[in-house]
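Morning, everyone. One model today, a few minutes. Have a look at it first.

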Amino acid sequence: MSSSKKAETAYLLPKKDCLSYCEPVLISACLLGIPCRWHGRRAKRRDALLARLKKKYVLVPVCPEQLGGMPTPRSGEYLRGGTGVDVLDGRLRIRDSASGEDLTDFHVNGSRYTLEIAEAIGARRAYLKGGSPCCDRDGITGELLRRAGIKVVRVP
């Protein structure tokens, strides 16, 4: 392979699509079709959204639940009676709806690791899957990222 061809393949996106630099953004891994949702199945890929985002950004997939140590598949818990603000401020715990097990620490730790990734890559924006206790704009990760000054966009 020629050195110019090798240099071109070193980029996540074709070099011509990045002009001089593509800003990194976080994106919920499930929006890319990665089967990391609670039930273990693939979510519908958001091809139109992804095409628009890839023209401007380098997409960095994250799954806070998996980063926090939760398996896939896992229980389908929700934020009942509050938001990520309430969890982070200690007013709400997340419990497995079937067993009653407290899962709060998994969600909070995964959200903190997601923030660490955002800081490491210099992300100033995140596109997160709505309806998740972590990834929603009003979820734990969404709130933690917002507190750090990162713009969070909810993707339904």
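Before the sheet, a definition: two strands pair if DSSP finds at least two bridges between them. Helices (H or I, at least four residues) and strands (E, at least two) are DSSP runs, numbered from the N terminus.

Ground rules. This is a predicted model: local features need pLDDT of at least 70, side-chain atom pairs count only at pLDDT 80 or more, and totals for chains, interfaces and linings use all residues. Residues are numbered from 1 along each chain as its sequence is written, and side-chain values use heavy atoms, with hydrogens and water left out.

Now the sheet. It is open, with 4 strands in the order β2-β1-β3-β4, and the pairing is parallel. At the edges sit β2 (57-62) and β4 (151-155), each pairing on one side only. Strand β1 (residues 23-28) pairs with β3 over 2 bridges. Tyr 127 in β3 is the bridge partner of Ile 27.

Next, confidence. pLDDT is the predictor's confidence in each residue, from 0 to 100. The chain's mean is 88, and 87% of its residues reach 70 or more.

Last, Lys 129, in strand β3 (residues 125-129). Is Lys 129 buried or exposed? Buried, meaning under 20% relative accessible area with a 1.4 Å probe, protein chains only.

Notes:
Buried < 20%, exposed > 50% of the residue type's maximum accessible area, 1.4 Å probe, protein only. Lys, Arg positive; Asp, Glu negative; His and termini not counted. Salt bridge = Lys/Arg side-chain N within 4 Å of Asp/Glu carboxyl O.
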